[in-house]
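Here is a quick walk through this model, from its charged pairs to its nonpolar cores. Keep the 3D view open while you read.

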Amino acid sequence: HDQATNEVTGRVPKATQEEMLAAVTSSKKAFVNWSETSVLSRQQIFLRYQQLIKDNLKEIAMLITLEQGKTLADAEGDIFRGLQVVEHACSITSLLLGETLPSITKDMDTYTYRLPLGVCAGIAPFNFPAMIPLWMFPMAMVCGNTYVMKPSERVPGATMLLAKLLQDAGAPDGTLNIIHGQHAAVNFICDHPDIKAISFVGSNQAGEHIYERGSKNGKRVQCNMGAKNHGVVMPDANKENTLNQLVGAAFGAAGQRCMALSTAVLVGEAKQWLPELVERASKLTVNAGDQPGADLGPLISSQAKQRVCDLIQSGVQEGAKLLLDGRNVKVKGYENGYFVGPTVLAGVKPHMKCYTEEIFGPVLVVVEADTLDDAIGIVNENPYGNGTAIFTTNGATARKYTHQVDVGQVGVNVPIPVPLPMFSFTGSRGSFRGDTNFYGKQGIQFYTQVKTITSQWKAEDATLTGPAVVMPMMG
């Protein structure tokens with residue numbers, strides 16, 4: 001559906017059991033040759049692929065905006081961050097290097113190879129139709145695996161186009177297969193014995209299910225899940241920059257980011273900045289994503305809008321102050337769209353439902369703290385550990401926060417600290433299941449297995465001797 005109009009824009013075939021079986025069979029068959037393809041040849045395919053993504057970036061972005069609702073500028077950012085992972089995958093000749101220790105003992109050497117696992121699978125969410133699939137299949141395939149990809153049934157188009165471009169780049173038939181579906185497709189991936197590893201990004205409920213079911217079937221599983229990301233604002237922070245960063249990180253993509261900065265913790269005198277924060281949020285433009293000047297587009301569905309509105313109301317009922325209410329926003333010409341405008345709830349306490357649950361909408365909840373230690377305590381008591389940020393001009397304050405806060409990804413004056421692909425996405429605690437994260441060195445580790453070889457070639461075996469012509473001595 002086009003979320004701005006609630007009109008059907010396209011259809012994809014929901015995969016039958018037979019079609020899903022055929023996808024895995026195809027990937028398993030293709031793995032035999034693909035895994036033996038030289039690493040240089042695989043690298044060349046992904047070098048061509050990254051160029052094709054650049055050449056078709058506008059078309060992919062328009063498809064994302066049509067199906068997902070985010071603004072065109074945000075859709076281009078979605079693709080660009082995924083493209084960076086593809087570019088990183090092109091470094092595979094360095095990333096796949098093994099280890100060696102010669103002469104570990106006399107005439108004996110030990111060395112390791114990194115080898116592909118086989119058929120791997122990815123299950124992607126609706127909020128990043130390009131970036132998150134590009135976290136998955138390029139890294140797996142460049143390592144020599146083949147892949148079964150299940151995009152979100154709400155936004156399948158971008159993944160289909162990305163698959164077509166990979167085919168154009170020279171990837172052999174069968175190396176990437178796409179299946180469409182919901183629960184049955186997810187359980188199929190968890191259960192099929194030929195699928196060796198699963199990558200998932202999405203909600204905690206789905207992630208916990210996939211991790212448990214997939215692990216029980218002996219698969220490697222990595223699950224990036226929900227979040228409640230805090231932005232701690234110190235009174236010595238650069239006020240102008242901090243307010244802009246908070247507003248952009250809280251309301252961009254209509255808050256539908258697992259790394260959205262959805263909670264502001266105002267420390268000490270920074271509490272006085274609240275009116276200006278509300279004022280800046282109120283000036284954002286809500287419109288269909290393809291309209292000029294749009295800052296945020298619609299939510300993904302009517303159910304998502306209703307859930308966001310219910311959580312806003314729960315905050316009001318529990319005593320929070322509704323300083324900016326976006327529930328009744330009207331967008332001319334798009335009266336049937338699933339729009340919610342920027343919303344600010346202040347005076348929020350940690351026991352309130354609007355704080356304990358991930359809202360996944362354009363809602364900023366504001367918590368107050370007296371000191372930095374109080375702020376660190378608030379963040380560490382929250383079960384999630386995806387991302388956090390501190391805004392300050394004091395180096396000692398920043399260092400203390402980054403060392404003491406129990407969150408996997410920390411920004412200092414950086415509101416959405418998603419690392420570039422040479423590092424790994426390191427969400428932690430309730431935001432991640434598994435032991436190896438996405439992309440970077442950990443991504444290579446996830447999609448490969450290590451084979452260790454110990455060999456012995458005795459020096460005396462290389463010694464040339466002449467033929468024995470005397471009678472051998474017996475006894």
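K28 and D194 pair up in a salt bridge, with their closest N and O atoms 3.4 Å apart. This is a predicted model, by the way. The K28–D194 bridge links distant parts of the chain: K28 sits in helix α1 (residues 17–34), while D194 is in the loop between α8 (183–191) and β6, 166 residues apart. K28 is partly exposed, at 44% relative accessibility, and D194 is partly exposed too, at 23%.

How many salt bridges does a search of the whole structure find? The total is 19. K58 and E76 meet through their side chains at 2.8 Å, N to O. Since K58 lies in helix α3 and E76 in helix α4, that bridge ties together parts 18 residues apart in sequence. K58 counts as exposed, because its relative accessibility of 56% is over the 50% cut-off. E76, at 25%, is partly exposed.

Then there's R429 with D406, another side-chain salt bridge, at 3.5 Å from N to O. Here strand β16 supplies R429, and D406 comes from the loop between α15 (395–404) and β15, 23 residues apart. R429 is partly exposed at 24%, and so is D406, at 39%.

| Salt bridge | N to O distance |
|---|---|
| K28–D194 | 3.4 Å |
| K58–E76 | 2.8 Å |
| R429–D406 | 3.5 Å |

Now for the inside. The largest nonpolar core has 56 residues, and the ones with the most contacts inside it are F46, Y49, W135, F137 and Y147. Elements giving two or more residues to this core include α2 (39–55), α3 (57–68), α4 (72–89), α6 (131–142), β4 (146–150) and α16 (440–446). Which of them gives the most? That's α6, with 10 residues.

Take F46 as a way in. Leaving aside neighbours within four places in sequence, F46 is in contact with W34, V86, C90, P138, M141, V142 and L166. A second, separate core has 39 residues, including A288, Y338, I359 and V407.

Back in helix α6, have a look at M131. Is M131 buried or exposed? With a relative accessibility of 9%, M131 falls under the 20% cut-off and so counts as buried. Not counting residues up to four places away in sequence, M131 touches D78, R81 and G82.

In general, an α-helix has 3.6 residues a turn, so residues three or four places apart point the same way.

Last stop, the surface. L420, M422 and F423 form a nonpolar patch there, with about 320 Å² of accessible area together. L420 belongs to the loop between β15 (410–412) and β16 (428–429), and L420 is partly exposed, with a relative accessible area of 39%.

Key:
Residues numbered from 1 in each chain as written. Predicted model: local features only at pLDDT ≥ 70, side-chain atom pairs only at ≥ 80, totals over all residues. Heavy atoms only, no water. Core = buried A, V, L, I, M, F, W, Y, C linked by side-chain atoms within 4.5 Å. Buried < 20%, exposed > 50% of the residue type's maximum accessible area, 1.4 Å probe, protein only. Helix = DSSP H or I, 4+ residues; strand = E, 2+ residues; numbered from the N terminus. Contact = heavy atoms within 4.5 Å. Patch = residues over 30% accessible without salt bridge, like charges linked within 9 Å, V, L, I, M, F, W, Y side chains within 5 Å. Areas by Shrake-Rupley, 256 points an atom, 1.4 Å probe, with all protein chains shown as cover. Salt bridge = Lys/Arg side-chain N within 4 Å of Asp/Glu carboxyl O.
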